[in-house]
Amino acid sequence: MKISFENPDKINGLLTLVVEEEDYKNDVEKTLKDYRKKANVPGFRPGQAPMGMIKRQFGPSVKMEAINKLVGQQIYKYVQDNNIQMLGEPLPSEKQEPADLENGTSFTFMFDIAVAPEFKVTLNGRDKVDYYNITVDDKILDQQVDMYAQRAGSYEKAEKYEENDLLKGDLHELDENGNTKEGGITVEGAILMPSYIKVDEQKNLFNDAKLGDVITFNPKKAYPENDTEVSSLLKIEREAVKDLESEFSFQITEIQRFKKHEINEELFKQVLGEDTDVKDEAAFRAKIAEGLQAQLVNDSDYKFILDVREHCEKKVGELQFPDALLKRIMLANNKDKGEEFVEKNYAESIKELTWHLIKEQLIKAQDIKVDDNDLMETAKEAARAQFAQYGMNNIPEEYIENYAKEILKKGDATDALVDRSIDRKLAAALKTAVKLNEKEISVEDFNKMMQE
């Protein structure tokens, strides 16, 4: 086989492969022999059918399959052996002439290959990049303490309704005379929170209500333009709400009032674990601050990588890509979306591709490698973050590790874990490679900055 590669402008490559019969003949004959051994042809014992018959029946398809396989293997071997940084997949060239694979013996295949632009990016102590140290202030600590107290809180029974109380009772649809409608809608043990009623006229009907009181209200007026809320309350289909105009009676059978948990040792144990030595609120806040600070380092590193990206993109400047060819590749990968999709998203895809190429150089320069231990640590980090969302910060390491193993078993999560592991190690390496312009920032201001 003869292979040649033309790349005059450094980014548009043309790979030409000349395939001769000797290149694929042996594979075809071997495959046909295997077919003969397995063929069950009427009139012949298994494996004894004439080879000529096998060739006529299977020869053309076996030959085409062997050639296609050979060409694919040789393309990627040539690209790898010659260190060609190919972007996307090779496409049949527009210069390709039709090839009669069934009847011919010698074939020429031509492929267009998009090649990454040549550039060099390095980072060292002369590169100055912002790094935000996120501080845990009293405001965020107050919010966290209140969140834990809320989550550990419970409902208590009350005799008289107050704002935000939860009411349980029996709902009955009324007729035009204000009497219980025969065959009307009835819901026993309905749950209602008047605080969520949108219309004050209906909401105020529950003011100062007491256990056993009967309140007459109109659900459709109480929740205008929210048929879902009404259907949920009355246990009826959403479609049935449209024509509903009835008043309903609601007899209060129970009033429940939510009470936050007190800031005491019981709460400290719930949040930090039974073996915690925390005895007062000051120490509790200090522990929370410590945990938050560890979590916020990840946010700081994430912003740092974004700033490294911006810094590197400015250093590299605008790169020249084989736009026409890349658009063809993008279209081939999104046939169902068409050219309009390609034109709309091409600029953004080039921006992401540029960062991908820059990041590859940074990873290589910092000798970043990811192994199974890195993936496990990243999975454990994800597990801790997930538990933390529910205020669970005292999960034993054994449970964290088991949960992380379950994450790793999910094949669709592997790529994301690899990327996250690389980012973690890259951030750690670059923080020592560049000069950090460290800035103190509150959680609130950091979140505002990230939103912007």
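Keep in mind as you explore that the model is predicted. Side chains of opposite charge can pair when their charged atoms come close.

- Aspartate 34 and lysine 30 form a salt bridge, and their closest N and O atoms are 3.7 Å apart.
- Where do these two partners, aspartate 34 and lysine 30, lie? Both belong to helix H1 (residues 21-38), where they sit four residues apart, about one turn of the helix.
- Aspartate 34 has a relative accessible area of 28%, so it counts as partly exposed.
- Lysine 30 reaches a relative accessible area of 53%, so this residue is exposed.

**A pair between two helices**

- Aspartate 138 and arginine 285 also meet through their side chains in a salt bridge, with an N to O distance of 3.7 Å.
- Aspartate 138 is part of helix H3 (residues 138-151) while arginine 285 is part of helix H9 (residues 281-316), so this pair ties together parts that are 147 residues apart in sequence.
- Is arginine 285 buried or exposed? Arginine 285 is buried because its relative accessible area is 16%, which falls under the 20% cut-off.
- Aspartate 138, by contrast, is exposed, because its relative accessibility is 54% and the cut-off for exposed is over 50%.
- Through salt bridges that share partners, Asp138, Asp142 and Arg285 are joined into one network.

**An exposed pair**

- Aspartate 367 and lysine 369 bring their side chains together in a salt bridge, at 2.3 Å from N to O.
- Both of these residues, aspartate 367 and lysine 369, are exposed.

**The sheet**

- Strands of a sheet pair through backbone hydrogen bonds, either parallel or antiparallel.
- Here, four strands make an open sheet in the order S1-S2-S4-S3, and their pairing is antiparallel.
- Which strands form the edges? They are strand S1 (2-6) and strand S3 (86-92), each of which pairs on one side only.
- From one strand to the next, the twist averages 20 degrees.
- Strand S4 (residues 107-115) pairs with S3 over four bridges, in the antiparallel sense.
- If you look along S4, you can find aspartate 112 standing opposite leucine 91.

**A helix across the strands**

Note on methods. Residues are numbered from 1 along each chain as its sequence is written. This is a predicted model: local features need pLDDT of at least 70, side-chain atom pairs count only at pLDDT 80 or more; totals for chains, interfaces and linings use all residues. Side-chain values use heavy atoms; hydrogens and water are left out. A salt bridge is a side-chain nitrogen of Lys or Arg within 4 Å of a carboxyl oxygen of Asp or Glu. Buried means under 20% relative accessible area, exposed over 50%, partly exposed in between (1.4 Å probe, protein chains only). Two strands pair if DSSP finds at least two bridges between them. Axes are lines fitted to C-alpha atoms, for helices over the stretch in contact, and angles run from 0 to 180 degrees between N-to-C directions.
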